[in-house]
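Hello,

Here is the structure I promised to pass on. Have a look at it first, and my notes follow below.

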Amino acid sequence: MKEILVRNVTLNGKPSDIVMSGGRFSQIAGAGEICPGNVAEVMDGSGKAIIPALYNTHNHAAMTLLRGYADDMVLHKWLNEYIWPYENRMTPADIRRGSELAVEEMAGSGSVFFSDMYFEIDQTIDVVAKSGMRAAIGVTVMENHSLAVEEEKLDFVRHWSDPTGGRIQLVMAPHAIYTVGPEKLRRTAEFARNHGMKLHIHVAETALEVSNCVKEHGMTPVRYLESLGFLGPDVIAAHCVYVDEEEWDILARRGVTVSHCPCSNMKISSGRFPYELAIRSGCRITLGTDGASSNNNLDLREEMKFAALLAKCVASEGEGRLVNGGNPELLPATEVFRWASVNGAEAFGIDGGVIAEGKVADALLVDLDNVRMRPCHNLISNFVYSADSGCIAATICDGKIINAAEK
């Protein structure tokens, strides 16, 4: 893998020279202190800042094909009458094209990784491998899958090897407690743990999911998953909108990572994420876009802004009730940026999310001359609250440029 030297780029407010080699940051020094020597490629970083890249921890990539298809309706009507019937007609070629669109959009808006949950995963794996991105590809589990289909999926896992040498991992992805029964949830968790895999699942996304779980199992979703022995530090739980204080303590104690998807939650009116309880619990929080059918884009930078603003504008009061007048100090830009960067990397065992020697070379070059970045009193605040994808001059993954703005 060739070396890249980025010269005179702003890092933590200081002009710096940065060398990337073997997929990692191999040397960081002051501007002009590193001699180009035999470095294969030299980039001029003048007028740009380097910051960690973004990690999208909950997505359904191929659903870019459903962008705008069925908007402005309640979740269960949306799923049962529109999304699932549409998906039943999708071919492997459709999955490939949808994944190609998703990868292009994410790389252009600063994400170098996504955790996916879909089907025909060989198509998405191939697209990711060619793109230069990272991904955790979910092997989706549903109760209506026959034993033959289930065994076929598990056999795929047993014989699969990463074609990229480290950028792609497989995870087991039981869809949700309302689409996967208790025995299959247990079997899936056991299989994943026997094979060193993460578990990715939707949890407590809607009030209806919670009420149905109480009716069927006598307890709420987090307590139910805890009773099955499902929860652990290998679990990524998407949404977690309807989770009470005791349940947040369970998630934190078990080391579960939560993927917060503010735009999707607002669009389908799932409810407000309980920021106060989540942050107080100490649970690792990350950000996801969900699919483009319920967002309708895959711009994780936009998720940061929506999360921070939603946390501030209203406050929780009791169970599921909201009041006007929030807390402007809740979820500052630096914290929500951490959710989108280092927290997401850590959740999937990626040694990145920070710009430091020895760390994985995943980064963004931000154009400081872009009008949305001027003036730049605080780089991270500008990136969270003001920037758009046009401010990203280059997206770097594993020490390679996977997207560069056209000039």
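Let me begin with the lining of the largest pocket, which has 17 nonpolar, 13 polar and seven charged residues. Here Ala, Val, Leu, Ile, Met, Phe, Trp, Tyr, Cys and Pro count as nonpolar, Asp, Glu, Lys and Arg as charged, and the others, Gly among them, as polar.

Before going on, please note that this is a predicted model: local features need pLDDT of at least 70, side-chain atom pairs count only at pLDDT 80 or more, and totals for chains, interfaces and linings use all residues. Residues are numbered from 1 along each chain as its sequence is written, and side-chain values use heavy atoms, without hydrogens and water.

Back to the pocket. On a 1 Å grid over the protein atoms alone, a pocket is an open set of points where a 1.4 Å probe fits, with protein on both sides within 12 Å along at least five of seven lines; lining residues have an atom within 4 Å of a point. The largest one holds about 840 Å³ of space, a volume being the space filled by probe spheres set on the points. Among its 37 lining residues, Glu87, Tyr118, Phe119, Thr140 and Met142 are closest to the centre. Helix H1 gives the most to this lining, with six residues.

Elsewhere, Asn343 sits in helix H13 (residues 342–347); helices are DSSP runs (H or I, at least four residues), numbered from the N terminus. Asn343 counts as buried because its relative accessibility is 8%, where buried means under 20% (1.4 Å probe, protein chains only).

Best wishes

Conventions
Helix = DSSP H or I, 4+ residues; strand = E, 2+ residues; numbered from the N terminus. Buried < 20%, exposed > 50% of the residue type's maximum accessible area, 1.4 Å probe, protein only.
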